[in-house]
Amino acid sequence: MQKPNSKLVSILLGAAIPLLSTAGIASAMEASAPFAASAIRGQTVYQKACAACHGETGNGNGQGAKPLNPKPRDFTAGLYKFRSTGLGELPTDADLMKTITNGVYGTQMPSFAHTLTAQERTDVIAYIKKFSPDFDAQEEPAAVIEIPEAPASTPEFVAEGKNVFMTLDCYTCHGPQGKGNGNASKGLKDAAGNPIKPQNLTRTQYKSGSDPQSIYRIIHSGLNGTPMSAFAGAFLFGGDKEISADALAGSYSKSEIETLKAYLASQPSLEKAQALDDEAKTELTQRRKWALVHYVHSLQKKAGIVQWLFTEDTEVTK
Ligand code: HEC
Ligand code: HEC
């Protein structure tokens, strides 16, 4: 018998609300921030609800921060992981609202959907933006990347996606089964020099969403300040791309590598791919991108409620 974890304990303590559908409540609150954002009011909210972790001065060094892994964000650095904007860009207010409302799954960053009103969350966003001069220097919010509608997943898509996963070396960090244990997964550091682990892609949820659109966004734009970079430009590879046979052989079976070789042989060479007209190029790269999204999505555990209660999902890094 496994030991009940913190999720079960908090439910037993009466905090069962997150088990019920919270979406309706959260969005109802969101719809109603009656006043324009105020950084002055936001400061009060921050001191009460955020400073213990993120620090009085926003540098991520609150009194409670020491034992946490990952560490609370240092707001003075202006590096945000969860964005609808491109690599290196600042998040939009809507991105920040999403993080603060939902929290960050599997970390100590809590959801404030029920503990702060929409007005308080709006105000605290105005305040945390003051910690980094980058927001003031911005003339207008960064452009939101366009995510087309996801095509339906098929076994063919998933099979192609596995080959794309291998071709783009995702397995070197995330591991051949996506468990986050690839050969390059050890010793990784984030921009602040703290240890960071590749996400275990077989978990039931990722930090910033687990649906195909979210996976597309993560792959396209990357996570600022982490080794997870943006792959937006990586999908125009040719069938003649060199693959690292040794690295693959350490992670995949002979037949998986044969399948990959057959896949690449079926693809146009880099020269041919580059010579395609814009429409055909987009079609090719989008198909590969969605194939990868559907493959990653297929790795996720689809947990039933009982399994969910007994799975320890909080990452612990030694
Ligand atoms: C118990 C500790 C804790 C408290 C309290 C807390 N946070 Fe966090 N927060 C974290 C941790 C840990 C992370 C880093 C998560 C990660 O990197 O995966 C984080 C990350 C964030 C991020 C970064 C998202 C990104 O895109 O990189 C924002 C924004 C944020 N917190 C806002 C807030 C606000 C606003 C409050 C108060 C209303 C707050 N946090 C309270 C621990 C906390
Ligand atoms: C150099 C190592 C590295 C490579 C290569 C890499 N990743 Fe990641 N990836 C990471 C790390 C580290 C994280 C965790 C970041 C965090 O938790 O803040 C991550 C996180 C993710 C996430 C989860 C994001 C979330 O919200 O929790 C997905 C999905 C993902 N990567 C997919 C991919 C795919 C697909 C590829 C190949 C195109 C890839 N990664 C290549 C290191 C890598």
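**Close-up 1. Disulfides and two cysteines.** A disulfide is a covalent bond between the sulfur atoms of two cysteines. C50 is buried because its relative accessibility is 13%, and C53 is partly exposed because its value is 28%. Here buried means under 20% relative accessible area, exposed over 50%, and partly exposed in between, with a 1.4 Å probe and protein chains only.

This is a predicted model: local features need pLDDT of at least 70, side-chain atom pairs count only at pLDDT 80 or more, and totals for chains, interfaces and linings use all residues. Residues are numbered from 1 along each chain as its sequence is written, and side-chain values use heavy atoms, leaving out hydrogens and water.

**Close-up 2. The two sides of helix α3.** Look along residues 39-49 to find α3, where A39, G42, V45 and Y46 are buried. These residues lie on the same side of α3 because they cover an arc of only 105° around the axis, taken from the directions from the helix axis to the C-beta atoms. On the other side, I40, T44 and K48 are exposed. The buried residues of α3 pack against α4 (51-54) and α6 (118-129); contact means heavy atoms within 4.5 Å. Helices are DSSP runs (H or I, at least four residues), numbered from the N terminus.

**Close-up 3. Helix α10 meets helix α14.** The axes of α10 (residues 212-221) and α14 (residues 278-299) come within 9 Å and cross at roughly 115°. Axes are lines fitted to C-alpha atoms over the stretch in contact, with angles from 0 to 180 degrees between N-to-C directions. Among the residues that meet are I215 and Y216 in α10, and W290 and L292 in α14.

Note on methods. Chains lettered and ligands numbered in written order.
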